[in-house]
Amino acid sequence: MQESQRALSAVAPASVPNVTGVRVQPGPIRLAVIDTDSGFVRVLAKRVGEMGWQHRVFTAPPRAEDLLSMRLHALIVDLALLGSSGWEFLEQVCDSVPGLGVIVCTGSSSVAQRVRGLRIGADDWITKPCHPQEVIARVEAVVRRRKRSTPGTTEDAPLLAGELEIRADQFQAFVGGQSIDLTRREFELLHLLAKARGRVLERDEIYQHVWGYAMVHGDRSVDVFVRKVRQKVERFSPGWTYIHTHFGIGYRFEPEAPEDEPPESPVDPLDDASEEVESSA
Amino acid sequence: MSMLRASSTSDGLLALFEESGRNVERTGSLLRDLLDDFPERSSLARDILICEQEGDRITHDIIHAMSTNGSKLDQRDAYELARALDDVVDYAEETADSLELYGVEAPMQQAQELAAVLADASVSVAEALAHLRAGEDVSTQLIEIHRLENEGDRISREAIASLFKSGTDPMVVIRWKDIFESLEQAIDACETVAHVIEGMQLKRR
């Protein structure tokens, strides 16, 4: 697989103005482009680079799991490059990389082909020749729509679980308003588990989401970080159990009160938000 | 297998080798504990560093004893043995140091397994050197060291192969390839100790 990577500044401005002056979503958009049209790719890469986006260019299709591990917002793919396997690739990516905005940007095509691509799961279809600025605008639109339509719009809403308040907007968890002093990675782990409340997440899945790479067999990172999170939570919320071990599989988040204490109040005003997130996990 | 009988002139040297063996055993045990409870017991790396310094001191004493006292031990064998024992501790210390140097956050199961193999091999090394000094048979210990070296080789090969699966963080590959290799080299050095002791015994037949 040939790949050129032009990951630019990892830290982008909180909000990036596009050419029309409209401010798009905060944080850098992570984009992958599968295309061999060097002229088009060069201009596109230069422009998205100037906007602070992180991007990778592939001249051959990467595996779907590799795309997943890159935690991309959007993918631009020229189906003509993939030949007869293009549809299969498109279907695989749309099915296995949830939340990824997929934009087909290819040469002339029939109505039937465009309809097929969009029905498979592509979010947009652009016909070449096209202006890179239009492609960028369409990527922004797709990412914006994805963000709105994902139940994770409540991603920034606090999650309440037992005595814990998990605040994505502050990358921190609190007990009684007091920070439990999680590191960024510890927070991401706790947040991931809490969003999937009640569901067992496998170690590989946790690692892929939190570390952004495939987990090497035998890597104990997930176990070590679960241990660290448990210790910090226990210090501030003694007696409660939040993270449950499923031996040989992974971990499940479910707050359990100490036996002599009443269970979590079902009428907590923030419960709705956490339930909404839970159902989306 | 015939036994090496310690003469009065070589006993001082054999006592130093026995001391070196105990130092190897302690180092192996510390490294196993460090990896088993990493990162909670990261401070054990400091104790391993002290063992490494102690190993250097013993090696120096061995070389000094070789040059000043007459001994029935072949000087080349004694030097090879001292160097191999020093290597075990040096590679173990390098492993412990790499954990901090590379900013390792959590251990790998294969590294824990390799450290357990090294700890067991270190026990056999210490026993073999104690038996050597006492003029007792060491064949059981030498066979065990060879077995453990084979076991370590297998674990190390599988561990390194697992790093090169697609999608792995390149930083993980860089860190752990080095750490697996230094662990394997420490185990290999135990086998070198066994080879030298075996050679010394053959010469005494």
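Two residues are taken to be in contact if their C-beta atoms, placed from the backbone, lie within 7 Å. In chain A, 64% of the contacts between residues at least 6 apart in sequence join residues at least 24 apart. In chain B, residues 24 or more positions apart account for 84% of the contacts with a separation of 6 or more.

The model is a predicted one, in which local features need pLDDT of at least 70 and side-chain atom pairs count only at pLDDT 80 or more, while totals for chains, interfaces and linings use all residues. Residues are numbered from 1 along each chain as its sequence is written, and chains are lettered from A and ligands numbered from 1 in the order in which they are written.

Helices (H or I, at least four residues) and strands (E, at least two) are DSSP runs, numbered from the N terminus. Chain A contains 10 helices and 13 strands, whereas chain B has 6 helices and 0 strands, its elements running α-α-α-α-α-α from the N terminus on. A residue is called buried if 20 or more other C-beta atoms lie within 10 Å of its own, exposed if 12 or fewer, and partly exposed in between, with C-beta atoms placed from the backbone. By this criterion, 34% of the 281 residues in chain A are buried, and 48% of the 205 residues in chain B are buried.

A set of parallel strand pairings in chain A can be followed from strand β2. Two strands pair if DSSP finds at least two bridges between them. Strand β2 (residues 30-34) of chain A pairs with β3(A) in the parallel sense over 5 bridges, with V33(A) standing opposite V57(A). Together with helix α1 (residues 38-50) of chain A, β2(A) and β3(A) form a right-handed β-α-β unit; a crossover is right-handed if, with the strands pointing away from the viewer, the path from the first strand over the helix to the second runs clockwise. Strand β3 (residues 54-58) of chain A is largely enclosed by the rest of the structure, because 5 of its 5 residues are buried. Q54(A), R56(A) and F58(A) point one way from β3(A), while H55(A) and V57(A) point the other way.

Strand β2(A) is also joined to β4(A), in parallel, by 4 bridges, and V77(A) is the bridge partner of I34(A). Strand β4 (residues 74-77) of chain A is covered on both faces: A74(A) and I76(A) on one side are buried, as are L75(A) and V77(A) on the other. A further 4 bridges link β4(A) in parallel to strand β5 (residues 101-106) of chain A, where G101(A) stands opposite A74(A).

Chain A also holds an open sheet of 3 strands, with antiparallel pairing and the order β11-β13-β12. Strands β11 (200-202) and β12 (241-246) of chain A stand at the edges with a single partner strand each, so one side of each is left without a neighbour in the sheet. Neighbouring strands of this sheet are turned by 30° against each other on average, direction ignored. Axes are lines fitted to C-alpha atoms, for helices over the stretch in contact, and angles run from 0 to 180 degrees between N-to-C directions. Helix α8 (residues 203-211) of chain A packs on the sheet, touching β11 and β13 of chain A, and its direction makes about 75° with that of β11(A). Strand β11(A) is joined to β13 (residues 250-256) of chain A by 3 bridges, and E202(A) stands opposite G250(A).

The interior also contains nonpolar cores, each a set of buried Ala, Val, Leu, Ile, Met, Phe, Trp, Tyr and Cys residues joined through C-beta atoms within 7 Å. In the largest, of 91 residues, V88(B), L118(B) and V193(B) touch the most other members. Helix α6 (residues 170-203) of chain B supplies the largest share of this core, 13 residues. A second, separate core of 36 residues includes F40(A), F58(A), V97(A) and V135(A).

Helix α6 of chain B also holds C190(B), which counts as buried because it has 29 C-beta neighbours inside 10 Å. Leaving aside neighbours within four places in sequence, the contacts of C190(B) include V88(B), A121(B) and E149(B).

Finally, the chains meet where 14 residues of chain A are in contact with 16 residues of chain B. On the side of chain A that touches chain B, α2 (64-69) and α9 (221-236) of chain A each supply at least two residues, and α2(A) gives the most, with 3 residues.
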